[in-house]
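Colleague: I am new to this structure and would like to be taken through it. Could we start with the pockets and then turn to the strands?

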Amino acid sequence: MQIFATTFKVNKSFTKEIFLNMARKWLIESPHYKFIPTDLNTAQDFEISSKDGKQHFHLAFYKEMILFRLINKDNDSIIWTNDYTYMEGQQNYLQVRLSREEKKDSRYIPLDYNVPKLMRDIVIDGYGDYDHDLKISSHCVYIDDTNIEIARRIINGENQYELPIVYVSRYSFNMGCAIVDLERLSKELAGIAHVLVEKDLMVNTKLRDMTDEKNPYNGAIHIYFSKSSKRLLPKYSENERNLRKQIINIIGQRLNIIKQDDSLFWETVKYKKLSEGLEQSEKDKIRIEELELLLANEKEEKDKVTDYYIYESD
């Protein structure tokens, strides 16, 4: 069962070599994986498994894509599958999917999960590209007089973004301080959503006039998707960690039902490679049969000439 998926733009400085090196570094440094992949920059499909058979790493190349799949079976016999697809073109994209499969029957459907670390590291290292006028980043964007128009257009639904927007308004009775750890939330949502926060209360006052009072205020957090939105009204005493988890889960569940580009899916690409391999095999078989027929014809013609010269010598 797919429980998380996102696709976002990466900039041109994020090359295939960097992607493969970061993937290898992630696997080597993680305490959770029990194998060390060799050099992945061979442009050849590659597979490796742990000795206990619980972990598998698969790497595949197809046209301008690099894909890898990491499968991990935990102590509860739950199988976690991480799929990454890097697509190079006029615009470079990274698609990330996380799936969970339980062997035994269970009525429990988990809402909690850890956002894939490698994906966050790619954005934290500065490889996110621009989504319209917002850079895909691991930092929040502070709204002030210099960029208040961005907030106005978002609130009025005039700008469309590929990633969701988390808009955090300021409390009016706490010296303008938001109650959620903004930088931590931004890192956890790196590559998943943009985090915007009002720099001070004056921004909120101005936006009230600019948006016909549609703007969130007094600590409200509004999550804007492409065709819908959701407003949270956290209490000042609310647990900060729980609030962050709630925001991440709302966005994750929403992204999970949005159709992803299935041409980038591991299953789709492996099927294409298999089909093209079979098609090439058929072409090679036909070509071999043609060559065999051509050789047979040439041999027949040569035998005729040889018979002619033997007849003449008689």
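Modeller: A pocket here is an open set of grid points where a 1.4 Å probe fits, with protein on both sides within 12 Å along at least five of seven lines. Please keep in mind that this is a predicted model.

Colleague: With that in hand, what volume does the second largest pocket have?

Modeller: The second largest pocket has a volume of about 320 Å³. It is lined by 16 residues, and those closest to its centre are Thr 7, Glu 162, Ile 258, Lys 259 and Gln 260.

Colleague: Which classes of residue make up the lining of that second largest pocket?

Modeller: Its lining has nine nonpolar, four polar and three charged residues.

Colleague: And what is the volume of the largest pocket?

Modeller: The volume of the largest pocket is about 700 Å³. There are 22 residues in its lining, and Trp 26, Ser 30, His 32, Tyr 33 and Lys 117 lie nearest its centre.

Colleague: How many bridges join strand 1 to strand 6?

Modeller: Eight bridges join strand 1 (residues 2-10) to strand 6, and these two strands run antiparallel. Thr 7, named above for the second largest pocket, stands opposite Gln 95 in strand 6.

Colleague: Is strand 6 mostly covered or mostly uncovered?

Modeller: Strand 6 (residues 92-102) is mostly covered, with eight of its eleven residues buried.

Colleague: Why is strand 3 described as largely enclosed?

Modeller: Seven of the eight residues of strand 3 (residues 55-62) are buried, so the rest of the structure largely encloses it.

Colleague: Which strands does strand 3 pair with?

Modeller: Strand 3 pairs with strand 2 (residues 46-49) over four antiparallel bridges, and eight bridges join it to strand 4 (residues 65-73), again antiparallel. Phe 46 stands opposite Leu 59 in strand 3, while His 58 faces Arg 69 in strand 4.

Colleague: Which residues in those hairpins have a positive phi?

Modeller: In the hairpin of strand 2 and strand 3, with five residues between the strands, Gly 53 takes a positive phi near 75°. The hairpin of strand 3 and strand 4 has two residues between them, and Lys 63 in that turn has a positive phi of about 50°.

Colleague: Changing topic, what is the strand order in the open sheet of five strands?

Modeller: The order is 9-11-10-12-13, with mixed pairing. Strand 9 (141-143) and strand 13 (229-232) stand at the edges with a single partner strand each, so one side of each has no neighbour in the sheet. The twist averages 20° from one strand to the next.

Colleague: Which helix lies across strand 9, strand 10, strand 11 and strand 12?

Modeller: Helix 3 (residues 148-155) does, running at about 115° to strand 10 (165-168).

Colleague: Finally, is His 194 buried or exposed?

Modeller: His 194, found in strand 11, counts as buried because its relative accessibility is 4%, where the cut-off is under 20%. Among the residues it touches are Asp 131, Leu 163 and Val 166.

Notes. Residues numbered from 1 in each chain as written. Predicted model: local features only at pLDDT ≥ 70, side-chain atom pairs only at ≥ 80, totals over all residues. Heavy atoms only, no water. Buried < 20%, exposed > 50% of the residue type's maximum accessible area, 1.4 Å probe, protein only. Pairing = 2+ DSSP bridges. Axes fitted to C-alpha atoms, helices over the stretch in contact; angles between N-to-C directions. Contact = heavy atoms within 4.5 Å. 1 Å grid on protein atoms, 1.4 Å probe; cavity = no way out; pocket = protein on both sides within 12 Å on 5 of 7 lines; lining within 4 Å. Points joined across faces, edges and corners; volume = space filled by probe spheres on them. Nonpolar A, V, L, I, M, F, W, Y, C, P; charged D, E, K, R; others polar. Lists of a residue's contacts leave out its neighbours within four places in sequence.
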